[in-house]
Amino acid sequence: MTAAVEQNGFGRNSRTMLRRLRDVMADTRAPQERLDSITSIIGADMAAEVCSIYVRRSDNLLELCSTEGLNKDAVHRTLMHFGEGLVGDIAARAQSLALSDAQSHPKFAYFPETGEEIYQSLAGVPVMRADRVLGVLVVQNRSRRQYSDEEIETLETFAMVLAELLANGVLDGQENKHDAPVRLAGQSVAPGVGIGIAHFHRPSTAIRRVVADNPAIEKERLDNAMQSVRSRIDTLLSAPDLAEAGEHRDVLETFRMIAHDRGWLTRMNDAIDNGLTAEAAVQRSRADMRARLGSVQNPYLRERLADFEDLTNRLLAQLADEEENGDTAGTIDDDQPYIVVARSMGPAELLDYDRTNLAGLVLEEGSATAHVAIVARALDIPVLGNIPGLLSEVNPGDHLIIDADNGQVLLRPTEDVQDSFHAGLRARAETKARYQALRDQPARTLDGVDISLLLNVGLMFDLQQLDATGAEGIGLYRTEIPFMVRRDIPDVSQQTDVYRRVLDAAGGRPVTFRTLDAGGDKNIQAFDHDPGDNPALGWRSIRISVDHPSLLRNQIRAILRAAAGAPVDLMFPMVSTVGEFDAARSILDRELERALRLGEVLPSKLRLGSMLEVPSLAWQLPEILRRVDFLSVGSNDLQQFFFAADRGDQRVTHRYDAVSVPFLRLLRNISNACKKHDKPLTLCGEMAGSRIGAMALVGIGYHRLSMAAASIGPVKETIRSLNYNDLQILMSNLLETREGRLVENLKAFARDHQVPA
Ligand code: PEP
Ligand code: MG
């Protein structure tokens, strides 16, 4: 073999073998016979003692449908669930697996009828078509064999061929349809609700030809397809509803750059030189990318993988029908509302869909930081992500209800449920109208105490909510968001632009900029530092800022420039000691001196604050309060450090409650100290945005609450129906006489006093 051939793991023998597989697929024997021929051809080619094909059946069962090497009596008898045993694990994760000592793997499960205990090593790959796992192809050896990457790649290529056979329904009874209503839980990625018909994303990525004889023709096809895809992307990105500046533009421009990546094109051309068709070369490079990045957790790399997946699908669609657009949306049958169903999605893929009837997007894997979410929010499309089992539960054409506000998707809802959903939509519209009517009313209690309701802002899109909600200003502008969606660190002038847009949108309402809060749960792509074993407690936030003064300096410079001649508030995140605050402050002082020296226009008023989100600062209150103009409690982090419970870990987040005696006592101490030192206090964590949380906070002296846009209406409604004096007495009693959670006590109070909660 030549070096190039070795590199792609695909030799002359395999090419011959692929032709044989193709012949088997085309012949007219019974499906079972053809499948058996395939297992024996692959087993021989891979020098494996066992080769087996497991096919997906209804209810996520995998059935052994053909084997060379295992006990033949087990065929059609051995069944396993997705996730069960090594084969089930490959299907559930849709990822290849190679083990030299399979039996010591924790997922190993023994199926006695197969006689497989004598085989030590195992390599398996999912058989996939259009994102859907159709089965698993497995080889096994008696010895402890180390399967090479090239061998796995070859197996993956065979799986591509096999996918065609399975997708054409050669095995009767494959995949019975689900028909019962099901509710699946997920994570709200972009808010909203919708109802529509399930449309599977990328239905057309099937590959018909794998082997080619004329590389020149294939390269030309690839080149043409690439040109078409690039120009299609240019068209998509020029859509008028995307024109406005915002993070979604950064996300989409990065995507455009990846479409011009030369290394990627070179790798695909190399694969063509080794005998693959253009589409097989595209698929091959996708498999390489998945193998390299499939299991990484780094959100930046995961987004890159999603971008490559998107481009791969475009190229495949383009190659499949060289006359067509090369988009990945597939055909949407009629003009009914529809909901797109996918494993994950790149930001540009969403743009392929006609937005008139697009009612939502449900993703098996996507999370709130996914780039598609940023684009979806800019377009006001509800998205629910992180829904295990989604792809296996939905049938194309099912009715779906997406309820991203409550983290759920309903599959095949009954007529009754659909009716109540429509009733819910009407009620929602009424509630919205009620909040709308409160927009210009103050958040004033019945006995005349004014509470300031402010907005938490991250994305540019959130800025529109200032006018929509009637918030008094921006209580927390999270500056890391523009850093998170880019490949590089924005320079001073780019940052100035962003901050200026924020101040312009605020139109004179106060804005509090929080300096960079990198690390922990907020991954900045441009510095790929080692997060350590415990990222929440690691080198993050202000710790990075004081160790890299240039970062903070540039940011402060940009904020000062953006706010020239206008008032602005600035605060540092994650302050643990007053010394740390002083270090950050001296960087600010130097920037102010520099600006003065250069004759730059300074903000008309600059107030400097600190966040309190590390418990240690609550034991330095007199010291910190002497130094700051205001304090802002970040209850999300404060709560996680107070209870030692990771805010992102679902197994522990709901165990401890912010509205509970110990946490509220801490918050009350902070509020008392601020009163004593006459320093304004805000709370900007999630608890401020829940009606009950806000009630508790108001009752212990918090008069400035900063929250997400959707919370302003409900919290204002609650505050306007409260008597402040009664609430203070209640909280003071509860904190003296109770222990543990107080949510029920507050709900009872609300019921007794006709307060909506
Ligand atoms: C907090 O920790 O409460 C907070 C407001 O900051 P973030 O959620 O951005 O960490
Ligand atoms: Mg925080």
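Predicted model: local features only at pLDDT ≥ 70, side-chain atom pairs only at ≥ 80, totals over all residues.
Student: What makes Thr 445 count as buried?
Tutor: Its relative accessibility is 4%. Buried means under 20%. Therefore Thr 445 counts as buried.

Student: Where is Thr 445 placed?
Tutor: Thr 445 is in the loop between helix H13 (415-438) and strand S15 (452-457).

Student: Why is the pairing of Thr 445 with Asp 447 called a polar contact?
Tutor: The two side chains are 2.8 Å apart at that contact. The cut-off is 3.5 Å between N or O atoms, with one able to donate a hydrogen and the other to accept it. So the pair of Thr 445 and Asp 447 qualifies as a polar contact.

Student: Why is His 76 called partly exposed?
Tutor: Its relative accessible area is 38%. His 76 sits in the loop between strand S2 (61-68) and strand S3 (79-81).

Student: Is Met 574 buried or exposed?
Tutor: Met 574 has a relative accessible area of 1%. The limit for buried is under 20%, so Met 574 is buried. Met 574 also has a positive phi, near 55°. Its place is the loop between strand S18 (567-572) and helix H19 (578-597).

Student: How do you know that Ala 190 is buried?
Tutor: Its relative accessible area is 1%. That falls under 20%, so Ala 190 is buried. Ala 190 belongs to strand S8 (residues 187-190).

Student: Which residues come nearest to ligand 1?
Tutor: Of the 14 residues around ligand 1, these come nearest: Arg 478, Arg 514, Lys 522, Asn 636 and Arg 647. A polar side-chain atom of Arg 478 is 2.7 Å from an oxygen atom of ligand 1. For Glu 613, a polar side-chain atom lies 2.9 Å from a ligand 1 oxygen atom. Asn 636 places a backbone N or O atom 2.7 Å from an oxygen atom of ligand 1.

Student: How much of ligand 1 does the protein bury?
Tutor: Ligand 1 taken alone exposes 290 Å², and the protein buries 99% of that. Ligand 1 sits in the second largest cavity.

Student: What makes up the shell around ligand 1?
Tutor: Three residues are nonpolar, four are polar and seven are charged. Helix H21 supplies the largest share, three residues.

Key: Residues numbered from 1 in each chain as written. Chains lettered and ligands numbered in written order. Heavy atoms only, no water. Near = heavy atom within 4 Å. Areas by Shrake-Rupley, 256 points an atom, 1.4 Å probe, with all protein chains shown as cover. 1 Å grid on protein atoms, 1.4 Å probe; cavity = no way out; pocket = protein on both sides within 12 Å on 5 of 7 lines; lining within 4 Å. Sits in = over half its atoms within 2 Å of the grid points. Helix = DSSP H or I, 4+ residues; strand = E, 2+ residues; numbered from the N terminus. Nonpolar A, V, L, I, M, F, W, Y, C, P; charged D, E, K, R; others polar. Buried < 20%, exposed > 50% of the residue type's maximum accessible area, 1.4 Å probe, protein only.
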